Amino acid sequence: MQTSPFLRIESLTAAYGATRVLDRVDLDVRRGELVALLGSSGCGKTTLLRSIAGFVTPESGRIHIGERDITALAPEHRGTAMMFQSYALWPHMSVAQNIGYGLRMRGWKKEAIAGRVGEMLTLLQLEGYGPRPVTQLSGGQRQRVALGRALAVSPEVLLLDEPMSNLDYKVRVELRHELRALQQRIGITAVYVTHDREEALALADRIAVLNAGRVEQYGTPEELFHQPASAFVAGFMGADNAIDVVPAANGGWQAANGASGGGSMRAYFRSEAAQLLGQSPAGPGALVLSGTVAQMLYVGHGYRYRIRLPASEVWVHAPERIDQGTPASVAVPQEALLLFPLHEQRAA
Amino acid sequence: MRGNEATRQQRTGLALVSPALGVVALFFILPMLMSVVLAFRGKNGGLTFEHMAKALDLYQNDLLFTVAITVLSTVGIAICAILIASYLTLGGSERTRTALRWLYRWPLFIPFIVTGQVMRTFLAKNGLLNHVLIGGGLIDPGSAQSLLDWRGIVIALVWKQVPFVTLLLAGAMASVDSQHIEAARNLGARRWQVLVDIVLPQVRGTLLVGLVLSFVTMLSVLSVPMMINPNSPTLITVDIAYRINTHGDYAVANALCLLSLLLAAGGAALYLRHAVAKAVPAA
């Protein structure tokens, strides 16, 4: 993997009518890297992908692949191949015709196309499916054909628009591993749009979290997970508890309980990071919150509790069963607290 | 008990549709059968092929002319409708698309007879078309010629029928998944390749239906050939009218009607074959 950027997006701005969808987006993707664009619907991630593909004309900004400026090029001249959310397989063509279409457009000879289609079918474990109509395939098989169609033309950049969103959970998890292994094996540069945090974390070398048309944070999955740059990213990465805190005498933090003053912050933490205190005392410097169990949900590998606090409530994960209404104390280790200034709005 | 119930329901159903069936039988099927029967009935009431032979003998050229004109017009309609519908759905600037969308439907609301009249003044030797061509310096006045022959009929029929097929086709094209088109563009297809490879195969059925219906409509048009070119060779509708109006010769007219019907049946067969072919994979 090279360190210099291969796909380079500079200050890209795009709008649909009066609505600005992308606002000065910068993004670098290295050769052979898989970058996930993560965000909730309407954040601009698909527009960014479609701008790279050439289906959206940006108002300003540049897009480069290698040394080439592709900003103004037609989709067919960009060297990108896109895999669509609906797969967009052509129903009047067979599997082989679908996969070979891009090669036909490039003027390949029949035998050469057949050879390349065969390679693709082997690569995607679809041997023998060539002559079948695509209408007879399962969701997972269609997905593979769509991937094969995009890969057959050996694109410089592979663009994937939520390619798993139409599949069952089980198939999705399976294909996720396959896709990642395949991408690494052929070493293709890929940009992957998703709204699924788990998918982004599992697949990507780097993740760009988008919010309201801007890149909120861009980094490795570990960085995003452990050091979110903003309250928004913290929320998106699963830190779903938020509580206002003030500095405590022991150097740690304590719940603000409505008090505001110098040094007060908003703390975010994951429900798995918190502990329900039974007999064991809280660690040094931990944030301790006292309340009562307001709700209990069984989630398979333990329980999720909603703990009502004097001024708010938090969700906590615990392996043991505790009845509703029981008084409970929650301890959050200092290192699990993600602290942001109070004025920063959390939106997830 | 249940059997009785079912029979009663069947009877009620039959009673409900019988007025409609009666109208169809009385006003459509019966006259058609009469026409067929009379085409083969001699003066003494016996079976004869005399009328059919006479029709073929006198109007063989016109029959061929009719087939040629309608087929040619159908091809012309197909080309124009594909061009307009694909421009409306696939490309061009928004402003020209809006203008085209507004313009192309007008002939739908203009009767055939008016179309014929409009074309007469437009295509005549001293008509508007030649004036424009001469004024624009495209042809010199000496070479201006009247288009009021077979060309006029084709132009009038195409002009009149294109909007109908375009209307059907543009609707079908608009319902093709836009990602199908983007996927092809993304893989290197130019606009015309997208049209030929991706869009047209998916709207083939609609196009065929539109063309068959136009073909059958054009077979029955009397006013356009009457207005533009009533002299032989002309369409057999003119001949049918002539046999009846001038000679009172219903027998030969019926024979010509039957031949016309056979041509239309050819179109219908094409239509049905497509409809059946489409229904089989779904079943």
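In this predicted model, the domain assignment of chain A gives two domains, domain 1 (5-236) and domain 2 (241-341). Taken over C-alpha atoms, the centres of domain 1 and domain 2 of chain A are separated by 40 Å. Contact between these domains involves five residues of domain 1 of chain A and four residues of domain 2 of chain A. On the domain 1 side, three of the residues that touch domain 2 are nonpolar and two are polar. No charged residue is found on that side.

Chain A also meets chain B. The contact draws 16 residues from chain A and 15 residues from chain B. On the chain B side, two elements give two or more residues each: helix H7 (178-186) and helix H8 (191-219) of chain B. H7(B) gives the most to this side, with seven residues. By class, the side of chain B that touches chain A has six nonpolar, six polar and three charged residues.

H8(B) also packs within its own chain. Two packed helices are described by the angle between their axes and the distance between the axes. The axes of helix H6 (residues 150-174) of chain B and H8(B) come within 9 Å. They cross at roughly 150°. An angle over 145 degrees counts as roughly antiparallel, and H6(B) and H8(B) are therefore roughly antiparallel to each other. The crossing of H6(B) with H8(B) is right-handed.

The residues in this contact can be listed by helix. H6(B) contributes B:Leu157, B:Gln161, B:Phe164, B:Val165, B:Leu168, B:Leu169, B:Ala172 and B:Met173. From H8(B) come B:Val199, B:Val203, B:Thr206, B:Leu207, B:Gly210, B:Leu211, B:Ser214, B:Thr217 and B:Met218. The contact of H6(B) with H8(B) holds twelve nonpolar and five polar residues. Charged residues are absent from it.

A further site in chain B is B:Thr66, which is found in helix H2 (residues 50-90) of chain B. A residue is buried if 20 or more other C-beta atoms lie within 10 Å of its own. B:Thr66 has 26 C-beta neighbours inside 10 Å and so counts as buried. Leaving aside neighbours within four places in sequence, B:Thr66 is in contact with B:Leu235 and B:Ile236. B:Gly142 lies 76 residues from B:Thr66 along the chain. The C-alpha atoms of B:Thr66 and B:Gly142 are separated by 31 Å.

Definitions and conventions
Residues are numbered from 1 along each chain as its sequence is written. Chains are lettered from A and ligands numbered from 1 in the order in which they are written. This is a predicted model: local features need pLDDT of at least 70, side-chain atom pairs count only at pLDDT 80 or more; totals for chains, interfaces and linings use all residues. Two residues are in contact if their C-beta atoms, placed from the backbone, lie within 7 Å. Helices (H or I, at least four residues) and strands (E, at least two) are DSSP runs, numbered from the N terminus. Ala, Val, Leu, Ile, Met, Phe, Trp, Tyr, Cys and Pro count as nonpolar, Asp, Glu, Lys and Arg as charged, and the others, Gly among them, as polar. Domain bounds come from an automatic or database domain assignment. Axes are lines fitted to C-alpha atoms, for helices over the stretch in contact, and angles run from 0 to 180 degrees between N-to-C directions. Angles under 35 degrees count as roughly parallel, over 145 as roughly antiparallel, 65 to 115 as roughly perpendicular and the rest as oblique. A crossing is left-handed if the near helix is turned anticlockwise from the far one by less than a right angle, and right-handed if clockwise. A residue is buried if 20 or more other C-beta atoms lie within 10 Å of its own, exposed if 12 or fewer, and partly exposed in between; C-beta atoms are placed from the backbone.
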